[in-house]
Amino acid sequence: MAKPTIIIIGGGLAGLTSSILLSRSGFEVTLIERKKYPFHRVCGEYVSNEVLPLLKSLAIFPEEIGASQISQLKVSSVNGNLLNANLDLGGFGLSRYLLDKLLYEKSKSYGTNFILETKVNEVIFKDEKFFVSLTNHQPLEADLVIGSFGKRSNLDQKLNRKFFYQRSPYLGVKYHIKTDFPKNTIQLDNFEGGYCGINKIEDDLFCLCYLTKNDQLKKYGSIPEMEKNVLYKNPHLKHIFENSEFVWDKPETINEISFERKSILENHILMSGDSAGMIAPLCGNGMAMAIRSAKVLSDVIIKHASQNILGNIRANLEKEYAQIWKQNFASRLFIGRTLQRLFGSSRLSNIAVGTLDKLPTLNAFLIGKTHGMMMDHKGTS
């Protein structure tokens, strides 16, 4: 019997990685993305080296396309106290604009069918089949659907996912800048109500991305005024903002970012990446987690779906995916959410930075727990 047909909703890191792995394994894959590649996304643009073996197995070599090599971490409290740490596993910096483009081109080479600049309106599961309605496109039918549509989507509301109705106070803002900053370092700077990350990416660019609360923006009326009145209180951030060249006329932004728990199965849709659970940006590792989650899901699909999906095959696939996802990510998400509560305020950030600076063993433990284990050459742990 023929392998099941697969629709992937959302073409970020998780969706693109899944499309490559599944198309390469002989599945008929259609990926739907509401934008056209390449484009910018709000993202910290730091990737843990844990996923390097998988990328290299796909003939994607970050160092050959200008990615920075990152081995040092600095974290500052609101008043400027600084924590220094080694990143034993390390990571690299690369823009989503470039990385997504490379993955998109790789996926096309394996035969993935892309439907771009198209919005998914609804997904219905009936009689062991999925029916996907689209804007300005004929409806589609598939045996499996992967949800990798990101942090927040209209589909979350259609699926009645609980987190969608829990209003989030967070706003994400990203710039690309040119500045004088160590190329091997990622720095996380706290300010009242949020934190900001900076690291080198390709060419002569740095990614500057921060998370803040919407009420700060409402209070000061505009992003520039909020930055001057809130972010500048951290001397490290003030120096970066005042001594950098901002490449874009205005930043990329995203609203209502949720860090609440999410289910990885919704009406038989297999969730991946941020749709399954978003690691706190303070951990700086959401990109690697998205790639890894796609590999976990693809492996389970390839294992179980060698024939058409019927009854117990689907049930066994879903059960195993839930188990393996929990083993890989539940602890990382919990630690990420816990760490996030320690930062974003003057008092707590000063205590956290001071304590971790004096306890390097604990510091190394937390870094390790948020970065995962190195995958082998086949892309598994």
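**A helix and its two partners**

Tutor: Start with H1, where Leu-13, Leu-16, Thr-17, Ser-19 and Ile-20 meet Arg-96, Leu-99, Asp-100, Leu-103, Tyr-104, Lys-106 and Ser-107 of H3; contact here means heavy atoms within 4.5 Å. Sorted by class, the residues of this H1-H3 contact are 6 nonpolar, 3 polar and 3 charged. Nonpolar covers Ala, Val, Leu, Ile, Met, Phe, Trp, Tyr, Cys and Pro, charged is Asp, Glu, Lys and Arg, and the others, Gly among them, are polar.

Before going on, keep in mind that this is a predicted model, where local features need pLDDT of at least 70 and side-chain atom pairs count only at pLDDT 80 or more, while totals for chains, interfaces and linings use all residues. Residues are numbered from 1 along each chain as its sequence is written, and side-chain values use heavy atoms, with hydrogens and water left out.

Now the geometry. H1 spans residues 13-24 and H3 residues 96-109, and the two pack at about 25° with their axes 9 Å apart. That angle makes H1 roughly parallel to H3; under 35 degrees counts as roughly parallel, over 145 as roughly antiparallel, 65 to 115 as roughly perpendicular, and the rest as oblique. Axes are lines fitted to C-alpha atoms, for helices over the stretch in contact, with angles from 0 to 180 degrees between N-to-C directions. Helices (H or I, at least four residues) and strands (E, at least two) are DSSP runs, numbered from the N terminus. H1 passes H3 in a left-handed crossing, meaning the near helix is turned anticlockwise from the far one by less than a right angle; clockwise would be right-handed.

H1 has another partner, H8. Their axes come within 8 Å and cross at roughly 35°, and this crossing is right-handed. On the H1 side the contact uses Leu-13, Ala-14, Thr-17, Ser-18, Leu-21 and Leu-22, and on the H8 side Met-287, Ala-290, Ile-291, Ser-293, Ala-294, Lys-295, Ser-298, Ile-301 and Ile-302. Its class tally is 10 nonpolar, 4 polar and 1 charged. Leu-13 and Thr-17 of H1 turn up in the H3 list and again in the H8 list.

The largest nonpolar core holds 66 residues, and Ile-6, Val-132 and Ile-301 have the most contacts inside it. Helix H8, residues 286-304, gives the largest share of that core, 10 residues. A nonpolar core here is a set of buried Ala, Val, Leu, Ile, Met, Phe, Trp, Tyr and Cys residues joined through side-chain atoms within 4.5 Å. Buried means under 20% relative accessible area, exposed over 50%, and partly exposed in between (1.4 Å probe, protein chains only). Leaving aside neighbours within four places in sequence, Ile-6 touches Leu-22, Phe-27, Glu-28, Val-29, Thr-30, Ala-142, Leu-144, Ile-146 and Ile-301. Another core lies apart from this one, with 19 residues, among them Val-173, Val-230, Tyr-232 and Phe-241.

Stepping back, the chain has 11 helices and 18 strands. Of its 381 residues, 57% are buried. Among contacts between residues at least 6 apart in sequence, 72% join residues at least 24 apart.
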